[in-house]
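Reader: I would like to learn how to read a structure feature by feature. Please take the features in turn.

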Amino acid sequence: MKILIVEDEPHLRELTRKSLEKERYVVETADDFRSALLKMEDYEYDCILLDLMLPGGSGFSLLKSLKESDRRETPVIILSARDAIEDKVEGLDLGADDYLSKPFHMAELSARIKSVLRRKHRAGNAALEVGNVTVYPDDFRVVVGGKELELGRKEYDILLYFMNRLGRLVDKHALAESIWGDHFDQVDNYDFIYAQIKNLRRKLKEAGATPEIRAVYGFGYKMLIE
Ligand code: CA
């Protein structure tokens with residue numbers, strides 16, 4: 001799961017980044033309006049944490065442009081020092097999923113992120129189920145046909161990515177950016193992705209998983225279920 005932190009205050013930005021990285025999120029950051037806008041146009045995120053008062057413009061404008069784009073489904077949590085009720089209402093009206101006033105506890109931020117991801121991907125459920133595979137994202141567990149399946153960290157991230165996109169064509173580049181971070185576009189070697197996917201497919205097959213990750217020649221992959 002990849003999160004974008006839009007925050008100009010360096011200390012808070014780094015604190016939040018470190019805390020979320022410990023929870024195994026891939027974290028990207030933007031420290032002003034322009035860099036946030038470019039990131040939001042160029043990359044896909046699972047959740048955006050948005051400060052309102054930024055050098056160069058307002059977080060509300062960023063939210064507006066996101067909601068007018070084809071990434072309008074991306075969950076957004078506003079993090080603001082402004083505790084005014086008008087700001088909360090405006091943020092939620094513009095389509096933000098949640099609003100957290102600064103200062104906040106990292107534990108609360110973490111719980112809010114989990115909650116928006118649960119709502120977005122799993123209709124509020126703690127677990128995600130595809131065929132005989134069940135993933136429990138809150139504690140990174142995978143169960144296949146009633147048995148725990150041990151996966152490496154990236155294998156797990158890749159599995160969750162596909163389970164959230166069942167039946168959809170997955171572009172290998174978008175997959176790589178989501179699992180390894182935005183700067184993947186500066187790399188042109190997909191070998192390590194192929195290796196991770198190969199291992200994941202073998203482990204799923206050996207465990208008797210019913211969903212399958214299939215290669216789509218020249219484009220990427222698709223998770224299908226018989
Ligand atoms: Ca600010």
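Reader: How is the accessibility of methionine 53 to be read: is it buried, partly exposed or exposed?

Author: This is a predicted model, and the values are computed from it. Buried means under 20% relative accessible area and exposed means over 50%. Methionine 53 has 48% relative accessibility, so it counts as partly exposed.

Reader: Which protein atoms are the donors of the calcium ion?

Author: Donors are N, O and S atoms, taken within 3.2 Å in the case of Ca. Here the protein donors are Asp8 (OD), Asp51 (OD) and Met53 (O), at 2.1 to 2.3 Å from the calcium ion. Their spacing in sequence is D-x42-D-x1-M. Aspartate 8 belongs to the loop between strand 1 and helix 1, and methionine 53 to strand 4 (residues 53–54), so this pair ties together parts that are 45 residues apart in sequence. Aspartate 8 is at 29% relative accessibility and therefore counts as partly exposed.

Reader: Why is strand 1 described as largely enclosed by the rest of the structure?

Author: The reading goes residue by residue, with buried meaning under 20% relative accessible area. In strand 1 (residues 2–6), five of the five residues are buried, so the strand is largely enclosed by the rest of the structure. Lys2, Leu4 and Val6 point one way, Ile3 and Ile5 point the other way, and all are buried.

Reader: In what sense does strand 1 pair with strand 2, and over how many bridges?

Author: Two strands pair if there are at least two bridges between them. Strand 1 and strand 2 (residues 26–30) have five bridges, in the parallel sense. Within this pair, isoleucine 5 is opposite threonine 29 of strand 2.

Reader: What is the strand order of the open sheet, and which strands stand at the edges?

Author: The order is read across the sheet, from neighbour to neighbour. The open sheet has five strands in the order 2-1-3-6-7, with parallel pairing. Strand 2 and strand 7 (98–101) are at the edges with a single partner strand each, so one side of each has no neighbour in the sheet. From one strand to the next, the twist averages 20 degrees. Strand 3 and strand 6 (residues 76–80) run parallel and are joined by four bridges, and isoleucine 48 has valine 76 of strand 6 as its bridge partner.

Reader: Which strands does helix 5 lie across, and at what angle does it run to strand 7?

Author: Angles run from 0 to 180 degrees between N-to-C directions. Helix 5 (residues 106–122) lies across strand 1, strand 3, strand 6 and strand 7, and it runs at about 175 degrees to strand 7. In the loop between strand 7 and helix 5 is proline 103. The peptide bond that joins lysine 102 and proline 103 is cis, with omega about -5 degrees.

Reader: Where is arginine 13, and is it buried or exposed?

Author: Arginine 13 is in helix 1. Its relative accessible area is 11%, so it is buried. Apart from neighbours within four places in sequence, arginine 13 is in contact with Ile5, Glu7, Asp8, Thr29, Ala30 and Asp31.

Reader: How is the chain divided into domains?

Author: The domain assignment gives domain 1 (2–122) and domain 2 (128–225). Their C-alpha centres are 26 Å apart, and the contact takes 16 residues from domain 1 and 18 residues from domain 2.

Reader: How many residues lie between strand 9 and strand 10 in their hairpin?

Author: Four residues lie between them, and phenylalanine 140 in the turn has a positive phi of about 55 degrees, although it is not a glycine. At 34% relative accessibility, phenylalanine 140 counts as partly exposed. Strand 9 (residues 133–136) and strand 10 (residues 141–144) run antiparallel, joined by four bridges, with arginine 141 as the bridge partner of tyrosine 136. The hairpin of strand 10 and strand 11 has two residues between the strands, and glycine 145 has a positive phi near 55 degrees.

Definitions and conventions. Residues numbered from 1 in each chain as written. Predicted model: local features only at pLDDT ≥ 70, side-chain atom pairs only at ≥ 80, totals over all residues. Heavy atoms only, no water. Buried < 20%, exposed > 50% of the residue type's maximum accessible area, 1.4 Å probe, protein only. Donors = N, O, S within 2.8 Å, 3.2 Å for Na, K, Ca; no water. Contact = heavy atoms within 4.5 Å. Domains from an automatic or database assignment.
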